[in-house]
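Student: I have not looked at this structure before. Could we go through it by question and answer?

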Amino acid sequence: MSLDDNDYWRRWIARLLAILAADPSDQLAWADEYQVRTAAVADDVEFILHLAEGMAERGTLESETLQDLKAIDRLVGEMDVRGRAGRWVETLTVDATWSEVRTLARRILVARLGEWRLPLPRRVPPQHIYD
């Protein structure tokens, strides 16, 4: 099954950006409900960057969006969250870099969709995959 770039955007990139752009209280509630590990968020960021790079190569993603996604990936990488075993709720409350990530995610969503406030998705794949 082949998805077009708009399907990739809607199904993966916009969903993760909705989470990253959400107000901190909404992020905390969402992360607590789904018991999301910080490393899983980093893996998701890496995944959407890979999708976005492919879209940019095909000319279906704006270079500004790709640059902002790369900046998000860089910020997440600088926090070295993959090496942490903790849950995202713990990291969200102590690392101010998440605020920078939130700002970039909001900018991408506004540029692409005209709005950054999107419903937060259900967590897929199930969290036990990351345990």
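Tutor: A helix here is a DSSP run of H or I with at least four residues, and helices are numbered from the N terminus. A18 has its place in helix 1. Keep in mind that the model is predicted.

Student: How many helices and how many strands are there in the chain?

Tutor: From the N terminus on, the elements run α-α-α-α-α-α. The count for the chain is therefore six helices and zero strands, by the DSSP runs used here.

Student: What share of the residues of the chain counts as buried?

Tutor: A residue is buried when its relative accessible area is under 20%. The chain has 131 residues, and the share of them that counts as buried is 43%.

Student: How much of the accessible surface belongs to carbon and sulfur atoms?

Tutor: The accessible surface of the chain comes to about 7,200 Å². The part that belongs to carbon and sulfur atoms is 50%.

Student: Is A18 buried or exposed?

Tutor: A18 lies in helix 1. The cut-off for buried is under 20% relative accessible area. A18 has 2% relative accessibility, so A18 counts as buried.

Student: Which residues does A18 touch, not counting residues up to four places away in sequence?

Tutor: A18 and R102 are 84 residues apart in sequence, with their C-alpha atoms 9.3 Å apart in space. Contact, however, asks for heavy atoms within 4.5 Å. With residues up to four places away left out, A18 touches L109, L118, P119 and L120.

Student: L16 lies in helix 1 too. Which residues is L16 in contact with, leaving aside its neighbours within four places in sequence?

Tutor: L16 is buried, with a relative accessible area of 8%. The C-alpha atoms of L16 and L120 are 8.5 Å apart, although 104 residues separate the two in sequence. Leaving aside neighbours within four places, the contacts of L16 are D44, V45 and I48.

Student: What share of the contacts with a separation of 6 or more comes from residues 24 or more positions apart?

Tutor: Contact means heavy atoms within 4.5 Å. Among the contacts in the chain with a separation of 6 or more, the share from residues 24 or more positions apart is 77%.

Student: Is helix 3 roughly parallel or roughly antiparallel to helix 4?

Tutor: Helix 3 covers residues 38-57 and helix 4 covers residues 63-78; their axes come within 10 Å and cross at roughly 155°. Angles over 145 degrees count as roughly antiparallel. Helix 3 is therefore, relative to helix 4, roughly antiparallel.

Student: Which value of phi does Q35 have?

Tutor: Q35 is found in the loop between helix 2 (24-34) and helix 3. Most residues other than glycine have a negative phi. In Q35, a residue other than glycine, phi is positive, near 50°.

Student: Is T93 buried or exposed?

Tutor: T93 has its place in the loop between helix 5 (88-92) and helix 6. The C-alpha atoms of T93 and L28 are separated by 8.4 Å. A relative accessible area over 50% counts as exposed. T93 has 56%, so T93 is exposed.

How values were computed: Residues are numbered from 1 along each chain as its sequence is written. This is a predicted model: local features need pLDDT of at least 70, side-chain atom pairs count only at pLDDT 80 or more; totals for chains, interfaces and linings use all residues. Side-chain values use heavy atoms; hydrogens and water are left out. Axes are lines fitted to C-alpha atoms, for helices over the stretch in contact, and angles run from 0 to 180 degrees between N-to-C directions. Helices (H or I, at least four residues) and strands (E, at least two) are DSSP runs, numbered from the N terminus. Angles under 35 degrees count as roughly parallel, over 145 as roughly antiparallel, 65 to 115 as roughly perpendicular and the rest as oblique. Buried means under 20% relative accessible area, exposed over 50%, partly exposed in between (1.4 Å probe, protein chains only). Accessible areas come from the Shrake-Rupley method with a 1.4 Å probe; for residues, only the protein chains shown count as cover.
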